[in-house]
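Subject: Structure for your review

Dear colleague,

Please find below the structure that I am handing over to you. My findings follow directly after it.

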Amino acid sequence: MPPRSPRATMKDVAALARVSPKTVSNVVTGSAQVSEPTRQRVEDAMRQLDFVPNLSARTLRNGRTGIIGLALPDLSTAFSADLTHAVVQEAHRRGQAVQIEETAAEPDREHDLVSRARAHLIDGLILNPVRLEDSAVEHEESLPPVVLIGEVEQTRTDRVFIDSRRAAEEVTAHMLSRGARRLVALGGAEHGERATATARLRLQGFRDAHAAAGLSSAPERELGVWPWSIGGGAEAVEQLVSAGVEFDGIVAFTDSIAMGARHALHRHGLSVPDDVLLSGFDDVEHAAYSIPPLTTVGFDHHDYAVAALDLLAARLDDRSRATRAEPIAHRLIVRGSTGDPGAAPRGHRPA
């Protein structure tokens, strides 16, 4: 049997990329800014040499495992898949491994993950709690490095978020401008287990748009959905139809909910957008390829992942620094599910 080739070292990568070993370390760990051309040379050299960072050696040097945790409520949703992909890709670029967990919105699972981080089995945790009152973040006396993603507002940990209230107002205002007057908020809930932080904020934005237009939203058209999934969206529309609720538009609080709503509307012979306008939230990949393409609120999932990992790295370096809340820009993406943007809105079309 031929002798095994020696494992490539950081010095080997540095020599091939024509940089210092420190620069290679910066690329691997993400601990310092490196220009894009230099980063590309280092990553090309790592691939050529089949270089694998020695995480165990790093642990001995700095007391870290090189592993972070990512915990989301429901890994089956399209948004969770997109976000997990973005986090894993960016973490890998920084030389980190990601342990992925599903909390199923159960507080006990969050407490277990926080305990693992506190015991140094992982370096830190990116967590997406659905309600602050149930979250381990609210009830644990001491917290390891944790970054929250989503709309749970608190000051104990760093967090990354989008302005869900403003985004929901914008998409609702767009649908009102298209002539809808009996809009349904699919996913909105103020009370009970369905009243997540995100649901409350998006429902408030839905109401803000109505108030700005001199209208009021009807309670029977504000429907909680659980889970926030394709099946949940379809079931919610079935409830609306069974209850005889009149509606001409649906503001779904996720793209998955919107896809389920679209399926149920089709079953009842209702066309999108001719009979019912429809919008979603998150701009997951299949939103652009649905029939018709889905109007939605979009934001850069990669930027979201980068911001979360940056905050976690900063917290690992300095646990005493003040907490930060990092907003991520969003945009309204208008597609066919709310009608041809060039056409006249409902009620204003020429006879």
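In this predicted model, β1, helix α5 (residues 78-93) and β2 form a β-α-β unit of right-handed sense. Its two strands, β1 (residues 67-72) and β2 (residues 97-102), are paired in parallel through six bridges. One point of reference in this pairing is glycine 69, whose bridge partner in β2 is glutamine 99.

On β3 (residues 124-127), β1 has a further parallel partner, with four bridges between them. In that pairing, alanine 71 is found opposite leucine 127 of β3.

These strands belong to an open sheet of six, ordered β2-β1-β3-β4-β5-β11, in which the pairing is parallel. At its edges are β2 and β11 (325-327), each of which pairs on one side only. On average, neighbouring strands of the sheet are turned by 20° against each other, direction ignored. Helix α5 packs on this sheet and touches β1, β2, β3 and β4 (146-149), its direction making about 170° with that of β1. Helix α12 (residues 301-317) lies across β1, β3, β4, β5 (158-161) and β11, and runs at about 175° to β5.

In soluble globular proteins, nonpolar side chains tend to be buried together. The largest nonpolar core here comprises 65 residues, and the residues with the most contacts inside it are Ile126, Ile149, Val160, Leu186, Ile250 and Tyr304. Helix α12 supplies the largest share of this core, eight residues. Another core, of 13 residues, lies apart from it and includes Val13, Ala17, Val19 and Val27.

Which residues does isoleucine 250 contact, leaving aside its neighbours within four places in sequence? Its contacts are Met175, Leu183, Val184, Leu186, Val237, Ala261, Leu265, Val276, Leu277, Leu278 and Ser279.

One of these contacts, Met175, is also among the buried residues of helix α8. This helix (residues 164-177) has 14 residues and spans 20 Å from its first C-alpha to its last, close to the 20 Å expected at 1.5 Å a residue. Its buried residues are Ser164, Ala167, Ala168, Glu169, Val171, Thr172, His174, Met175 and Leu176. An α-helix has 3.6 residues a turn, so residues three or four places apart point the same way. The elements that cover the buried residues of α8 include β6 (183-186), α9 (197-212), β8 (249-252), β9 (277-279), β10 (296-298) and β12 (331-333). After α8 comes glycine 179, with a positive phi near 105°.

A loop position also deserves a remark. Valine 52 is placed in the loop between α3 (36-49) and α4 (55-62). Is this residue buried, exposed or partly exposed? Valine 52 counts as partly exposed because its relative accessibility is 46%. Between valine 52 and glycine 95 there are 8.7 Å in space, C-alpha to C-alpha, although they are 43 residues apart in sequence.

For the chain as a whole, the secondary structure amounts to 12 helices and 12 strands. Of the 351 residues in the chain, 50% are buried. Among contacts between residues at least 6 apart in sequence, 69% join residues at least 24 apart.

Yours sincerely

Methods:
Residues numbered from 1 in each chain as written. Predicted model: local features only at pLDDT ≥ 70, side-chain atom pairs only at ≥ 80, totals over all residues. Heavy atoms only, no water. Pairing = 2+ DSSP bridges. Right-handed = clockwise from strand over helix to strand, strands pointing away. Expected span 1.5 Å × (residues − 1). Buried < 20%, exposed > 50% of the residue type's maximum accessible area, 1.4 Å probe, protein only. Contact = heavy atoms within 4.5 Å. Axes fitted to C-alpha atoms, helices over the stretch in contact; angles between N-to-C directions. Core = buried A, V, L, I, M, F, W, Y, C linked by side-chain atoms within 4.5 Å.
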